[in-house]
Structure formats: C-alpha cells, structure tokens
Amino acid sequence: MTSTLERPDVSQVEASPLTVQRLGGRIGARIDGVRLGGDLDAVTVAGIRAALLEHKVVFFSGQHHLDDAGHQAFAETMGPLTTAHPTVNTGSPRVFKVTADKGMAANAWHTDVTFVDRVPAISVLRAVTLPPYGGNTVWANAVAAYDALPPSLKALVEDLWAVHTNSYDYAQQDEESEEPDANYSRADFTAQLFETEHPVVRVHPETGERAFVLGHFVKGFVGYNQRESSAIFNLLQNRITKLENTIRWSWKPGDVAMWDNRATQHYAVADFGTEYREMRRITVAGDLPVSIGGRRSRVLRGDAEAYSRIDELIS
C-alpha cells in the first residue's frame, strides 16, 4: 500500500524560506514567514510538511486573512480532504465548526475520528472566536510515547488491537453538560454508528515511525474483558499524556494549528466558564492504519466511504 502523501524532498526543505522554531523537546514548533492559503509554492509546502512530520504539531500566528475558503485551500495543499464529519451535518461540505458556550470542549484525550477505519492524516484548526480566558488545547506525541516504552510493554502492544466506536464518544463522558457541542447534539454524533478494530500501535505511512492509536474512542481491547481493558488503557494512555510528552497552546486571534493525526492525541481544555468559543477544522484524508505485523484496520460496523474515499489515497 503506497500513500500519495509522499515525504518532502530534503533539497526542497532546505531551500524553504520558512522559519521553524522548536517549542518543546518532544513535540511542537512555530512556523513563521508564511501567509497561509492555496497559492503556496511547492518548496513552501514541502517545508511545512517536513516540519509537521518532525514536530507532530505546528502553529502559525497572524493568519487573520483566512476565511473558510482560504482555510480549505491551504488544507488541500497537504492532500485530499475528508468531508466535515462522518455523522454530523455541519452545513458545510468540508468545514467542521467546533463550538462551546457552556464551558464545554473536547475535554478528553483523543485522536480525531478513530472510530472509522480510514483515520484522518492531518487536521488544520483555525481560531474564529476565542473566550477572554482559558480554552487552550494540548497535544501529546504518540510516537515518543511508544519509543519510551520498556521492552516488556512493547512486547504487550506489538500485536494488541482495540475496538474504537463513536457510541463510546469522549463527548458523552462529560456529565456536566447536556450536549457535547453548542451546535450539535449527542444524537447528531451517533446518527450513524461506527466500530473499527485498530492496531494499538501503527506504522506511520510517511516516516515509518511507530505510534499509538488510542484515546477516548476506545471501547475495549480484543481478547480482554472490560475490567482488563480499562487497566490496559489507563496504563498506556497515561504514558502517552505524560506532561513531558505534551505541548499546550494558548490561542490568540489569527492562530492556526496543524497536527499529524497519525502521530498525536489532543485535548481541548474546558476552563472558560460560559464564554463562547468557536474553532473551525478542516481535515486531510488518511489511510488504513497498518500494524507492526502488517495487518490493516478492519471495519466492524459502519461504512465511511462518504467521509473519505480510500481509492483516492492509495495507488
């Protein structure tokens, strides 16, 4: 299986005019010297992609000119796009509005849309309306977490598989709020049910690195009961989200964050009271995760063809 999203040519990266400033020892960088849009030249696109693959999440400031069309045009430089969401009618073919007005946010660690088989490759998130305080987002490096495992735990996870489902959505775990989003209901998020069996560790299709595929869409582990699954999940998840493995971004107007969804988890912090917060996300399509042993993820329930077409990504 060959992805059309090829790793950038080193000579192009070296020629890029971008300035990349590392923000954390294990994850995160800020990119300066670029005005985001669909008209970026190949050298600039290659430089951005190289920084993304190395740092897992990159941040751009001062992008006040972006609207939905420009946001989409930039995301398309990274590859084919998914629809806005597998289950939610957002009113837009590509743009997913993430809103909150009751202190709600995606306040659980997750990788985007792992309940489908074709896990998105890249997410591009733009700040639209920010609360006067709080509302930060935190990312964790799922590659570094695997690399730091002792040999005994690597042996455990090498052929471990997990079932992910949107009926076990992190949004449903927030007992303090009636709905997971100001615009969408719980029923919207589960309008179509999905269950997918993913390897707990996947091989990254561009870098060859090994990365955890976990987060709060996980229902349980194949071959283990619920109590055992919970113990294994907490053991591994706590390693992914160890503070040294994370970076926290304090949003400002004009900010854009882009992350490698195949190598990270993230958490939107619900600490802004009843203030309004609106972000907009556009997603670059991904492929079927492949385990260390070479097996691909498999569908247990639901068809995500309308969300993301695999035949557009695989040659």
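Mentor: Helices (H or I, at least four residues) and strands (E, at least two) are DSSP runs, numbered from the N terminus. The model here is predicted, so local features need pLDDT of at least 70, side-chain atom pairs count only at pLDDT 80 or more, and totals for chains, interfaces and linings use all residues. Residues are numbered from 1 along each chain as its sequence is written, and side-chain values use heavy atoms, without hydrogens and water.

Trainee: How many helices and strands are in the protein chain?

Mentor: The protein chain has 7 helices and 16 strands.

Trainee: What does buried mean?

Mentor: Buried is under 20% relative accessible area, exposed is over 50%, and partly exposed is in between (1.4 Å probe, protein chains only). Of the 315 residues in the protein chain, 56% are buried.

Trainee: Is helix 2 mostly covered or mostly uncovered?

Mentor: Mostly covered: 11 of the 14 residues in helix 2 are buried. Among them are V45, I48 and L52.

Trainee: What span does helix 2 reach?

Mentor: The expected span of a helix is 1.5 Å times one less than its number of residues. Helix 2 (residues 42-55) reaches 20 Å from its first C-alpha to its last, close to the 20 Å expected.

Trainee: What stands at the ends of helix 2?

Mentor: D41 caps the N-terminal end, with a side-chain oxygen 3.0 Å from the backbone nitrogen of V43. After helix 2 comes K56, whose phi is positive, near 75°.

Trainee: Where is L235, and how exposed is it?

Mentor: L235 is in helix 7 (residues 226-240). L235 is partly exposed, with a relative accessible area of 39%.

Conventions
Polar contact = N/O pair within 3.5 Å; in protein donor to acceptor, adjacent residues only side chain to side chain.
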